[in-house]
Amino acid sequence: MPIDTSTLLFFLASFLIGSIPFSVIAMWRSGTDIRSIGSGNPGFNNVLRFSKKRALISLVGDVGKGFVPVWLLYSPDQFVNVGWLISLGTVFGHCYSPWLKFRGGKGIATSAGAMLAIYPAIAAGAIVFFVVVRVLGSVTKLNERGAWASLLTWVFFTVLIHFQHGMPDTKYALLMTAFLVWCHKSNIGRMLGR
């Protein structure tokens, strides 16, 4: 599908929605800048270290900002790459928020929201997979269990996409997975004991 003006506007709109830093907003009036505690990452997992209630606000906001742009701007009768472009826009906005000097979170909750809008059944199954891996990681005290659960879930999701939808959906899922791996490069170093 050729990239036209409306598609670029969709990408820009989704980027701006994705850039809303809900983790920072969730910490409003707490007296703490989420970027100065824990991992320093403005995302759900870091807020969870501080407060479960505030983490819930962050999670709902991050999932919502992934879901809403796709739900509003993409319909199944369009080429699937339109949906993926909007999804990538929201995740890029989250990871490189202009409100945070082009820094941001790791993109997992936002990408989950976007996939729930395009592939609801597959994404729901992947979320169950995530929860199982995350719980097992906690039980076994696995180092970087959040990163393990996140990245393994995206690999699992990509495999499901391949068998249920084939190409070009798989290519876009691989692209998103590669980007999320890149965002987790510091975690991967710790996962490998570096």
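**Starting from one side chain**

Mentor: Arg35 has a relative accessible area of 39%, so it counts as partly exposed. The cut-offs behind that word are under 20% for buried and over 50% for exposed. Keep in mind that this is a predicted model.

Who is the partner of Arg35 in a salt bridge? It is Asp33. The closest N and O atoms of the two are 3.0 Å apart. Asp33 is also partly exposed, because its relative accessibility is 33%. Behind this sits a simple idea: side chains of opposite charge can pair when their charged atoms come close.

How many salt bridges does the structure hold? It holds two. The other pair is Lys65 with Asp62, at 3.4 Å from N to O. Both residues belong to helix 4. They are three residues apart, about one turn of the helix. Are they buried or exposed? Lys65 is buried, and Asp62 is buried too. Compare that with Arg35, which is partly exposed.

How do the two helices sit against each other? Two packed helices are described by the angle between their axes and the distance between the axes. Helix 4 covers residues 52-73 and packs on helix 5 at an angle of about 150°, with the axes 9 Å apart. That angle makes helix 4 roughly antiparallel to helix 5. The label applies because angles over 145 degrees count as roughly antiparallel. The crossing of helix 4 and helix 5 is right-handed.

Next, look at another helix pair. Helix 7, residues 120-139, packs against helix 8 at about 150°, and their axes lie 9 Å apart. Helix 7 and helix 8 are therefore roughly antiparallel. Their crossing is right-handed. From helix 7, the contact includes Phe129, Phe130 and Val133. From helix 8, it includes Phe156, Phe157 and Leu160. Each helix also brings an arginine: Arg134 in helix 7 and Arg145 in helix 8. By class, the contact of helix 7 with helix 8 has twelve nonpolar, eight polar and two charged residues.

Leave the helices and check the loops. Most residues other than glycine have a negative phi, and most peptide bonds are trans. Arg29 is not a glycine, yet its phi is positive, about 65°. Arg29 lies in the loop between helix 2 (22-26) and helix 3 (44-50). It is exposed, because its relative accessible area is 70%. Phe102 also has a positive phi, near 60°. Its place is the loop between helix 5 (80-95) and helix 6 (108-118).

From Met167 to Pro168 the bond is cis, with omega near 5°. Pro168 is in the loop that links helix 8 (145-165) and helix 9 (169-183).

Go back to the start once more. Arg35 pairs with Asp33, and Lys65 pairs with Asp62.

Definitions and conventions
Residues are numbered from 1 along each chain as its sequence is written. This is a predicted model: local features need pLDDT of at least 70, side-chain atom pairs count only at pLDDT 80 or more; totals for chains, interfaces and linings use all residues. Side-chain values use heavy atoms; hydrogens and water are left out. Helices (H or I, at least four residues) and strands (E, at least two) are DSSP runs, numbered from the N terminus. Buried means under 20% relative accessible area, exposed over 50%, partly exposed in between (1.4 Å probe, protein chains only). Axes are lines fitted to C-alpha atoms, for helices over the stretch in contact, and angles run from 0 to 180 degrees between N-to-C directions. Angles under 35 degrees count as roughly parallel, over 145 as roughly antiparallel, 65 to 115 as roughly perpendicular and the rest as oblique. A crossing is left-handed if the near helix is turned anticlockwise from the far one by less than a right angle, and right-handed if clockwise. A salt bridge is a side-chain nitrogen of Lys or Arg within 4 Å of a carboxyl oxygen of Asp or Glu. Contact means heavy atoms within 4.5 Å. Ala, Val, Leu, Ile, Met, Phe, Trp, Tyr, Cys and Pro count as nonpolar, Asp, Glu, Lys and Arg as charged, and the others, Gly among them, as polar.
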